[in-house]
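Hi,

Here's the structure I promised to pass on.

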Amino acid sequence: MLLPIRGHILGLAAGALAPWWPRGDADGVETEDLSPAAAAILAAFADHLRLERGLSPHTVRAYTGDLTNLFAHLARVGEGEPGDVTLADLRRWLANLHAAGSDRATLARRAAGARTFFAWAARTGRLPADPAAALRSPTVDRRLPPTVEAEQARRALDGLAARVEEAEDPLDRAARRRDLAIVEVLYAGGIRVSELAGLDTGDLDVQRGLLRVLGKGGKQRTVPLGAPALRALDAWLAVRARLARPAAGQAVFVGDRGGRIDPRVVRRIVHRALAVVPDAPDLGPHGLRHAMATHLLEGGADLRSVQELLGHSSLATTQLYTHVSGDRLRKAYQQAHPRA
């Protein structure tokens with residue numbers, strides 16, 4: 001049996017949920033497939049993620065999308081009520097996903113989401129027990145993500161700088177200065193695309209070459225920028241008023257319509273910048289984040305410092321983001337090992 005849920009949640013139905021609620025996930029599951037009890041407890045869980053844990057709307061949608069998939073699957077097999085879920089149900093759900101073609105990373109993410117949800121529901125008294133406590137995730141291949149070489153990054157930035165000089169129309173020139181500043185800041189600071197889009201002018205300390213970044217979970221960190229990024233940022237801010245509209249507020253980067261820039265626009269800018277570089281991989285902003293970490297390590301930075309710059313809570317995450325060449329590893333070994 002489902003234990004009592006807060007009164008203000010009970011009236012929620014799948015069609016009346018908040019704007020952040022997913023209408024459907026990648027598998028085409030609609031929230032109308034859920035029972036009122038499942039929709040209500042998932043809405044309460046989303047509130048918990050958003051208000052108590054301070055997670056981003058994107059992360060909340062990812063959690064609720066995976067759980068919507070779970071409860072829609074359970075409803076199809078006649079076991080859609082949260083209080084009736086068993087460990088065997090969860091294992092069958094993952095097995096069905098695997099049979100449908102989901103890869104190990106997707107299965108691991110969905111299993112982790114289920115564990116988080118059921119632990120919260122049991123801890124807060126919404127469910128009598130936690131059926132996911134013994135649910136294991138499949139082992140995920142820890143493959144290094146693709147990245148760009150330092151020379152490829154330089155050529156992409158040089159290409160953007162050349163485009164600024166080629167522009168004759170003032171608005172076009174302003175937009176190109178913005179594009180150059182965006183890619184420079186992403187590569188120099190290693191910040192996430194959501195962090196860049198969320199930057200306000202009050203977060204900049206151009207004199208000291210620092211950014212104040214609001215990262216995952218509402219955690220703040222300070223990120224230094226190099227001279228090229230600071231010059232590009234200063235040049236963009238000098239012409240920002242040509243594109244900005246009142247809706248932009250204090251946003252550092254604005255889109256072509258004058259409001260705060262959308263992360264999707266930033267991704268297109270990065271893809272275009274790398275597309276003109278021969279042999280460069282087709283990467284988005286996260287690829288520049290990987291490159292920043294890798295190139296810092298190649299230049300001699302210690303892993304702990306890179307962890308702080310990236311805002312990772314775990315050093316293991318930082319290690320996954322980095323590529324260190326065999327030459328660098330051999331050099332470090334020869335310099336440090338007593339029997340090298």
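Start with the aromatic cluster: Phe45, Tyr63, Phe71, Phe117, Phe118 and Trp120 form one group. Keep in mind that this is a predicted model.

Take Phe45 and Tyr63. Their ring centres are 6.0 Å apart and the planes sit at 85 degrees, over the 60 that edge-to-face needs, so that's what this pair is. Phe45 is buried, as its relative accessible area is 0%.

Then there's Phe117 with Trp120. The centres of these rings are also 6.0 Å apart, but the planes make an angle of 40 degrees, so the pair counts as tilted. Both residues are in helix 5 (residues 104–123), three residues apart, which means about one helical turn separates them. Phe117 is buried at 0% relative accessibility, and Trp120 is buried too, at 4%.

Now for some helix packing. Helix 7 (residues 170–189) and helix 9 (residues 227–239) have axes that come within 8 Å and cross at roughly 150 degrees. The crossing is left-handed. What kinds of residues make up the contact between helix 7 and helix 9? Twelve are nonpolar, three are charged and none is polar. On the helix 7 side they include Arg177, Arg178 and Glu184, while helix 9 brings Pro228, Leu233 and Trp236, among others.

Cheers

Methods
Residues numbered from 1 in each chain as written. Predicted model: local features only at pLDDT ≥ 70, side-chain atom pairs only at ≥ 80, totals over all residues. Heavy atoms only, no water. Axes fitted to C-alpha atoms, helices over the stretch in contact; angles between N-to-C directions. Helix = DSSP H or I, 4+ residues; strand = E, 2+ residues; numbered from the N terminus. Left-handed = near helix turned anticlockwise from the far one by under 90°. Contact = heavy atoms within 4.5 Å. Nonpolar A, V, L, I, M, F, W, Y, C, P; charged D, E, K, R; others polar. Phe/Tyr/Trp six-rings, centres within 6.5 Å; stacked < 30°, edge-to-face > 60°. Buried < 20%, exposed > 50% of the residue type's maximum accessible area, 1.4 Å probe, protein only.
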